[in-house]
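This report goes through two chains and a handful of their residues. Overall dimensions come before local contacts.

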Amino acid sequence: MSVSVPEPLRYADRPEWNDVAPVEQYENVNPLAPIFYTNEYKDATDYFRGIIKTGEKSQRVLQLTEHIIRLNPAHYTAWQYRYETLLAIEANLEDELRLMDELAITYLKTYQVWHHRRLLMLQIRKPAPELVFIARTFQVDPKNYHTWSYRQWLLAYFNDANLWIGELDFVEELLNDDIRNNSAWHHRFFTVWQSGVREGEEDRERVLRRELIYVKQSISLAPNNASAWNYLRGILDHNSIPYQKMITFVQPYTLLLDEQVADLVDLENPPPSKSAHLPCASAIEFLADIYEAEGGNSMLKATELWKSLGNEHDISRKKYWEYRIREGLRAIQT
Amino acid sequence: MTKDFNLPPLARLAHAGHARRCLSGLPDSQIELDSGRMAVAFYCLGALDLLKMLQDKVSMTDRESWQEWIWEQHTRGKYGSGFRPSPFMTVSSEVERTTSYTDYDTPHIIMTYTALLTLAILRDDFSQLDKQGILLLLKACQREDGSFSTIPGGGETDLRTLYCAFVIAHLLDDWSTINLQNAFSFIASCRSYEGGYGQSAHCEANGGTTYIAMAAMELAPVSTTPLTALEKRKTIEWALHNQLESGGFCGRTNKLADACYCFWIGGSLKILGAGDLVDSRSLASFLASCQFRFGGIAKAPGEHPDPYHTYLSLATLSMFPPPVYENDASGSSWIFDPLDPLINARQETADWARKYIAIKH
């Protein structure tokens with residue numbers, strides 16, 4: 001090791017630990033995929049096994065488990081025993097949460113860090129500051145799955161009207177930073193459509209109109225964004241609205257850019273922006289779905305669009321578009 | 001598009017070497033795998049099995065002693081029986097080791113799944129398996145909402161564990177200790193508007209958990225699938241749209257391609273009967289670009305390889321053998337035996353597992 005950090009004092013050399021008998025890990029003579037432990041990890045886990053044997057739950061157990069967690073944040077037994085110890089000695093859980101603020105950011109992608117945080121929150125039951133903390137971690141990684149999942153759990157579990165107040169603004173801020181952040185789009189769907197109806201949102205027609213304007217506006221700024229198209233489809237499906245209703249909006253995106261219309265301000269049907277890269281494959285696919293649903297003669301228009309996707313605008317999915325054409329033609333024949 | 005580039009060789013020997021080296025030992029930088037070593041063993045031995053190099057690369061003595069090591073992780077106790085991830089919480093004394101486990105050394109559902117598959121790869125006869133005890137463990141780990149925890153009484157619960165529990169029940173051919181209705185409603189609660197599935201209720205659609213939802217519903221012993229034709233189509237569309245121009249799949253909309261999602265999303269499509277809609281040649285070309293110079297396959301080009309991405313890449317190729325042409329220098333290096341996409345093992349290994357693990361009623 002070239003790093004000049006001194007190895008911490010071994011537990012065996014610390015007088016305050018000499019009442020604990022370390023217990024070595026039992027390992028067969030020919031272990032499978034053994035890990036060449038550092039002396040520090042081996043020493044700490046020997047003492048941890050020693051502690052488990054006596055069942056001690058004390059302040060020093062918190063130090064020991066923190067030490068192990070910093071060496072191996074996926075050590076789920078260290079987390080499990082730490083949590084039990086916190087409860088047993090009635091430790092200050094707010095202090096624990098502050099320590100977790102640091103560990104969550106260091107080990108953002110470890111399951112256990114977030115699981116432990118959930119367990120703490122079930123005891124502390126103060127979710128509001130957590131939303132602020134999460135917003136902070138998004139500065140490091142705005143698409144972290146564990147963090148988003150924790151936020152969704154907090155909101156759904158505590159489901160307090162005050163908690164939800166800033167949620168839509170929060171999503172919009174993230175989408176302003178990155179219009180292609182699918183986690184933010186997903187969270188928008190969850191907030192608006194999947195978590196009940198909150199005060200001020202009772203008029204669902206108005207909410208639907210607002211969301212349609214929002215997503216269409218977003219598409220007009222950046223048409224080639226699958227997240228926005230998926231959101232559009234999602235809200236139409238959720239509200240049982242036929243895709244046909246979007247035909248006027250979608251059509252200009254399936255053609256080459258028309259410089260004339262680009263300056264129009266039309267909230268219902270915002271035209272593509274001047275920098276848009278057109279035609280847009282997602283729009284062609286959407287229009288084909290409209291024609292397919294119409295059936296009859298429109299099916300032929302759909303097959304033409306699928307052909308253009310497979311041959312020109314979305315070549316890497318050629319096999320899929322050929323399949324859609326076959327299915328479409330079969331539907332006409334029957 | 002598919003014919004205008006040459007497929008480079010798949011470095012089979014180098015990948016087998018990588019898997020073999022990891023089985024012999026992992027550096028201290030991999031300490032986070034301490035509580036998941038059984039899964040590492042599965043990925044490494046599974047890679048050798050898919051490459052059909054297990055006999056060449058591993059001596060009979062090693063294979064036997066590794067079987068013995070896995071059986072030492074088989075443990076019994078008040079919540080039922082199963083396998084531990086490793087002896088990371090096992091104490092040294094012989095006497096203590098053979099008695100019932102404590103609350104801090106219980107079997108783990110995901111590790112039980114990987115241990116069963118690994119033993120099948122090693123062609124174990126499973127005569128030591130406490131089958132009734134494993135059924136009890138499944139019961140002890142299922143929560144009221146239908147999900148499963150990784151360990152009895154604690155640990156995270158999400159779709160991953162549910163899948164592992166379902167494979168175990170499938171291999172035992174006994175679903176009597178699982179509440180299927182609750183499990184199904186948990187799966188349904190994970191469905192997202194995009195057509196994929198999230199890790200738990202309200203979560204964003206993700207390739208890994210979508211595979212798990214598809215495989216679990218297909219494994220369950222019910223005659224009709226709980227998905228409507230329209231829902232299936234939506235899932236297929238979402239999955240296909242995650243194949244990017246590089247040929248690789250991303251795990252979520254607008255993310256980057258990653259070798260592991262080639263398996264998770266490719267597997268979902270295979271299970272949904274839409275495997276032939278995948279462009280397998282560009283998929284193989286993406287995986288070729290993830291090969292590490294000295295063996296092993298990484299999540300993306302230029303990254304470091306690991307057993308997880310190596311195994312899942314080879315499993316992907318077993319499901320989606322690319323068409324090879326005369327110009328391809330080593331076309332034969334891309335040929336694999338078929339994979340059982342539901343339990344994730346080479347077909348022959350999967351058949352062995354079913355034959356020897358099933359409870360004879």
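For the charge counts, Lys and Arg are positive and Asp and Glu negative, with His and the chain ends not counted; the place of a charge is NZ of Lys, CZ of Arg, CG of Asp or CD of Glu. On that basis chain B holds 31 positive and 40 negative charges, whose mean positions are 2 Å apart. Chain A has 37 positive and 48 negative side chains, with 4 Å between the centres of the two sets.

The model is predicted: local features need pLDDT of at least 70, side-chain atom pairs count only at pLDDT 80 or more, and totals for chains, interfaces and linings use all residues. Residues are numbered from 1 along each chain as its sequence is written, chains are lettered from A and ligands numbered from 1 in the order in which they are written, and side-chain values use heavy atoms, with hydrogens and water left out.

**Chains**

Helices (DSSP runs of H or I, at least four residues) and strands (E, at least two) are numbered from the N terminus. Chain A has 16 helices and 0 strands. Its radius of gyration is 28 Å, well over the 20 Å that the globule rule gives for 334 residues, so chain A is more spread out than a compact globule. That radius is taken over C-alpha atoms, and the rule is 2.2 Å times the number of residues to the power 0.38.

Chain B has 15 helices and 6 strands. A compact globule of 361 residues would have a radius of gyration near 21 Å, and the 20 Å of chain B agrees with this.

The table uses accessible areas from the Shrake-Rupley method with a 1.4 Å probe; for residues, only the protein chains shown count as cover. Buried means under 20% relative accessible area, exposed over 50%, and partly exposed in between (1.4 Å probe, protein chains only).

| Chain | C-alpha span along principal axes | Buried residues | Accessible surface |
|---|---|---|---|
| Chain A | about 85 × 55 × 45 Å | 54% of 334 residues | about 15,800 Å² |
| Chain B | roughly 65 × 50 × 40 Å | 66% of 361 residues | about 13,000 Å² |

Carbon and sulfur atoms supply 52% of the surface in chain A and 53% in chain B. Contact means heavy atoms within 4.5 Å. Among contacts between residues at least 6 apart in sequence, 69% in chain B join residues at least 24 apart.

**Nonpolar core**

A nonpolar core is a set of buried Ala, Val, Leu, Ile, Met, Phe, Trp, Tyr and Cys residues joined through side-chain atoms within 4.5 Å. The largest one has 223 residues, of which Leu232(A) and Phe166(B) touch the most other members.

**Individual residues**

Gln112(A) sits in helix α5 (residues 111-124) of chain A and is buried at 12% relative accessible area. Beyond residues up to four places away in sequence, Gln112(A) touches Pro73(A), Ala74(A), Tyr76(A), Trp79(A) and Glu156(B). Trp79(A) is 33 residues away along the chain, with 7.2 Å between the C-alpha atoms.

Pro34(A) lies in the segment before α1 (39-54) of chain A and is also buried, at 12%.

Ala205(B) is in the loop between α9 (180-189) and α10 (207-219) of chain B, buried at 0% relative accessibility. Its contacts outside four places in sequence include His186(A), Trp238(B) and Arg252(B).
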